[in-house]
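Please walk through this protein with me. We begin at one residue, move to two others, and end with the whole chain.

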Amino acid sequence: MAHIIVVGNEKGGAGKSTVSMHVATALARLGHKVSTLDLDLRQRSLGRYFENRLNFLNGSDLYLPSPRHHDLPEIDASALKPGENIYDHRLSAAVAELESDSDFILIDCPGSHTRLSQVAHSLADTLVTPLNDSFIDFDLLARIDSKGEKILGPSVYSEMVWNARQLRAQAGLKPIDWVVVRNRVGTQRMVNKEKMQRAIEMLSQRIGFRVASGFSERVIFRELFPRGLTLLDLKDIGVKQLNISNIAARQELRDMMKELNLPGVEIDF
């Protein structure tokens, strides 16, 4: 059985597709069979990332270890029973087809609440939620008081994850390992940064998730997208010496992969 990783956050701009691309490619480079699905059927950021990668490799005569990206299969709507949702069937058909030949299936969700995203969360063995270091983004997880010190209650996304956990429990499946990845954390010591850290730690204990470090804000990620590359590909395409920012970003990826603690994965890059 493939281990299913779902990358989800209902707020756009949190870095879901960047995290998805780097996690999937890192797993492929470590020798695992990785399949990916992009559930943002309109924007398709992860799908475009892989299209760019394929075009770059085809045009440069290079081989780079890569995940296998798949589109959701089409379903004949006339074959559905009354009340059945076509998106449920498209996602379940895709997962069923990929499970037997994948060690990991990574599913990138859209930055909004959709039926596909809701179903995907219930399939997650590991749920990765990238979160910008901002109370605007934190509000997606929980309501907090005006001082940023007291949790008032869970917000809409946390409630959706709770419902997904309930569905898995009813089906007799193992609990979701929920990991909140802190992205764009400032390097300087600031009051807001410290308040965010305390708030996330409080919330993690209250609603049950682990916290992992993510990526800082770096230009390199925007530069890599047109070629579909990741930090791990740079030396293979002829970059002989990484600059300090690239080395730091690569270390961030290594730390994040270790903290995700995915089954059977040993980090050696």
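Start at H3. Beyond its neighbours within four places in sequence, H3 is in contact with D103, F104, I105, D125, T126, K174, L262 and P263. Keep in mind that this is a predicted model.

H3 sits in strand 1, which covers residues 3-7. Its relative accessibility is 10%. Buried means under 20%, so H3 counts as buried. The side chain of H3 makes a polar contact with the side chain of T126, at 2.7 Å.

Now go to helix 1, residues 16-29, where A26 lies. H22 has its place in helix 1 too.

Take H22 next. Is H22 buried or exposed? H22 has a relative accessible area of 1%, so it is buried. Which polar atoms does its side chain reach? One is the backbone oxygen of T18, which lies 3.0 Å from a polar atom of the H22 side chain. Another is the backbone nitrogen of L231, which the side chain of H22 reaches at 3.2 Å. Setting aside residues up to four places away in sequence, H22 touches Y49, F215, F221, T230, L231 and L253.

A26 has 0% relative accessibility, so A26 counts as buried. What does A26 touch, not counting residues up to four places away in sequence? The answer is L232, M257 and F269.

Step back to the whole protein. Buried residues make up 49% of the 269 residues.

The protein has nine helices and nine strands. Its radius of gyration is 19 Å, close to the 18 Å that the globule rule gives for 269 residues, so the protein is as compact as a globular protein of that length. Along the principal axes, the C-alpha atoms fill a box of roughly 55 × 55 × 35 Å.

Notes. Residues numbered from 1 in each chain as written. Predicted model: local features only at pLDDT ≥ 70, side-chain atom pairs only at ≥ 80, totals over all residues. Heavy atoms only, no water. Helix = DSSP H or I, 4+ residues; strand = E, 2+ residues; numbered from the N terminus. Rg over C-alpha atoms; globule rule 2.2 N^0.38 Å. Buried < 20%, exposed > 50% of the residue type's maximum accessible area, 1.4 Å probe, protein only. Polar contact = N/O pair within 3.5 Å; in protein donor to acceptor, adjacent residues only side chain to side chain. Contact = heavy atoms within 4.5 Å.
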